[in-house]
Amino acid sequence: MHSWPCPFCHLMFPASQLERHANDHLEEEEIRRDMELAQQIAISPTSPSKTLNNPVENVMRFERSSEKTCERATSRSDGSNNCHGEMSIDEKVLHLVSFQIRSTFYRVEDDLMTLLRNCLESEQGNSTSILSGSVIHFQSIESEDVGWGCGWRNIQILTSHLLMQRPEASQVLFCGAGFVPDIPSLQRWLEIAWERDFDTVGSEHFNHKIYGSRNWIGTTECAALFRSFGLRARVVDFGPKEIKSRFISVSGSNPQINSQGKRKANEAYGPIDKFLLRRESRDQGISQSGSSRHDLCNLADSAEFDKCFTKDATGCQVLVDWVWNYFSDNKFTKSGSQGVIVTDKAPLYFQHDGHSRTIVGIQVKHQFNGMHQYNLLILDPAHKTAALERSLKENVGWQKFIKRGVHTLKKPQYQLCHIDPGIAHSEELEQLKTLDSNFVEF
């Protein structure tokens, strides 16, 4: 039997095997080109082309590429077929790296946090403010995500900080893309996180699918997404002791499970957000493709929930103290004016009933009577970035956008996600797949 040289590697093969062997080389070359495309996307200008900005065309490109991969899988030289109409996780990641889209945003001429720092420094009186480093504000857009996308926008704000301030995070987030992906791309990444068994309970509620939907997401989806890249995302629940037993993260809690292995619809459970979408009618108006799992956690009819509204502002001081301790990292005291301090702490994903925002710092003002007045410093995706920039540049009216005192914290429950430094590997990464939280009693 005659042998012929492979035109790529020049090894000799029988004629009956040469074609299959050469096809393997072609497949490897196509994968290499895909990776080069991903690198080009990563260093491309901020404003993507019209084609890439078109969600329909983007889906079509992704699906066409997926079909191509399946076709190649059926003709591998070893005769195996791992597609069966569905790509492997690695293949999905490869294609997402190639086709994920850089999110657009309003570009602030001077760094937003620098503008905020200047305004804080110009204030009269004794105070200490602690701020995170640079962030980009991502606002909700009327034609894209107003009414349901705040969770994704806060993930984008957090991502922008991590990319700019933590080199180790930038190397792993979205396979080193180096930019903040748009919402559809983030939805794809969350589905991949679920497929890798991060937050399986949450995945089941969404039926393992989130791409293309308008379902509300919350703190646990944020944590699961970041954890899938090895980031140490932690969840903290704040609430009254009356409902402590309903938190799955609390030892001794007993959330009820139905015959299908899912929690009953009228039960609250944590750390999954227990407080979103009490207004069922609003949820039905926003989400046509299925309700968010948060509407399964309705406490509105329970006696315990009613008791929450009797709490005064001193209960929420516990949350504010926690935020101060987080940003100060036990390095700064509340007494004495220390001006504005920039910390290496990442911003906090801040969730409450019906909305989420991003805490980028905290301020304490020292009163003449020795008391302390606190303000959380918050970026809200519902605000227009241009209006925020203008108010900070003019030093007029910015407080109504950013400052939130203890008296404004009127919700019965809150939830935070913070991201600790470093990257998890091996056993620690496996442990991060199961979401839990720390419960802090009001």
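Me: Which residue forms a salt bridge with Asp-329?
Reply: This is a predicted model, and in it the closest N and O atoms of the pair are 3.9 Å apart. The pair links distant parts of the chain, 16 residues apart, with Asp-329 in the loop between helix H13 (313-328) and strand E5 (339-342) and its partner in the loop between E5 and E6. A salt bridge needs the nitrogen within 4 Å of the carboxyl oxygen, so 3.9 Å counts, and the partner of Asp-329 is Lys-345.

Me: Is Asp-329 buried, partly exposed or exposed?
Reply: Buried means under 20% relative accessible area and exposed means over 50%, with partly exposed in between. Lys-345 is on the buried side, because its value is 16%. Asp-329 has 32%, so it's partly exposed.

Me: Are Lys-403 and Glu-123 buried or exposed?
Reply: The cut-off for buried is under 20% relative accessible area. Lys-403 comes in at 12%, and Glu-123 at 18%. Both values are under 20%, so Lys-403 and Glu-123 are buried.

Me: What does Arg-153 form a salt bridge with?
Reply: Side chains of opposite charge can pair when their charged atoms come close. Here the closest N and O atoms are 2.7 Å apart.

Me: How many nonpolar residues are in the contact of H5 with H14?
Reply: Helix H5 (residues 112-122) and helix H14 (residues 385-394) pack at about 35 degrees with their axes 9 Å apart, and the crossing is left-handed. H5 brings Leu-112, Leu-115, Leu-116 and Cys-119, while H14 brings Leu-388, Glu-389, Leu-392 and Lys-393. Sort these by class and you get two charged, no polar, and the nonpolar number is six.

Me: What is the handedness of the crossing where H6 passes H10?
Reply: Helix H6 (residues 150-165) packs against helix H10 (residues 219-227) at an angle of about 35 degrees, with their axes 11 Å apart. Ile-155, Leu-158, Thr-159 and Leu-162 of H6 meet Cys-222, Leu-225 and Phe-226 of H10. That contact divides into six nonpolar, one polar and no charged residues. As for how H6 passes H10, the crossing is right-handed.

Me: How many residues of helix H4 are buried?
Reply: H4 covers residues 89-99, eleven residues in total, and is mostly covered. The buried ones include Val-93, Leu-94 and Phe-99, but also Glu-91 and Lys-92. The number of buried residues in H4 is nine.

Me: Why is strand E10 largely enclosed, and which residue in E10 is the bridge partner of Val-236?
Reply: E10 (residues 414-423) is largely enclosed by the rest of the structure because seven of its ten residues are buried. Strand E4 (residues 231-239) pairs with E10 in the antiparallel sense over eight bridges. Strand E6 (residues 348-352) is also antiparallel to E10, over three bridges, with Gln-351 bridging to Gln-415. The partner of Val-236 is Leu-416.

Me: How far apart in space are His-407 and Tyr-374, C-alpha to C-alpha?
Reply: His-407 is in the loop between E9 and E10, and with a relative accessible area of 57% it's exposed. In sequence, His-407 and Tyr-374 are 33 residues apart. In space, the C-alpha atoms are separated by 9.6 Å.

Me: What share of the residues in the protein chain is buried?
Reply: The chain has 16 helices and eleven strands. Residues 24 or more positions apart account for 73% of the contacts with a separation of 6 or more. Out of 442 residues, the buried share is 52%.

Methods. Residues are numbered from 1 along each chain as its sequence is written. This is a predicted model: local features need pLDDT of at least 70, side-chain atom pairs count only at pLDDT 80 or more; totals for chains, interfaces and linings use all residues. Side-chain values use heavy atoms; hydrogens and water are left out. Axes are lines fitted to C-alpha atoms, for helices over the stretch in contact, and angles run from 0 to 180 degrees between N-to-C directions. Helices (H or I, at least four residues) and strands (E, at least two) are DSSP runs, numbered from the N terminus. A crossing is left-handed if the near helix is turned anticlockwise from the far one by less than a right angle, and right-handed if clockwise. Contact means heavy atoms within 4.5 Å. Ala, Val, Leu, Ile, Met, Phe, Trp, Tyr, Cys and Pro count as nonpolar, Asp, Glu, Lys and Arg as charged, and the others, Gly among them, as polar. Buried means under 20% relative accessible area, exposed over 50%, partly exposed in between (1.4 Å probe, protein chains only). Two strands pair if DSSP finds at least two bridges between them. A salt bridge is a side-chain nitrogen of Lys or Arg within 4 Å of a carboxyl oxygen of Asp or Glu.
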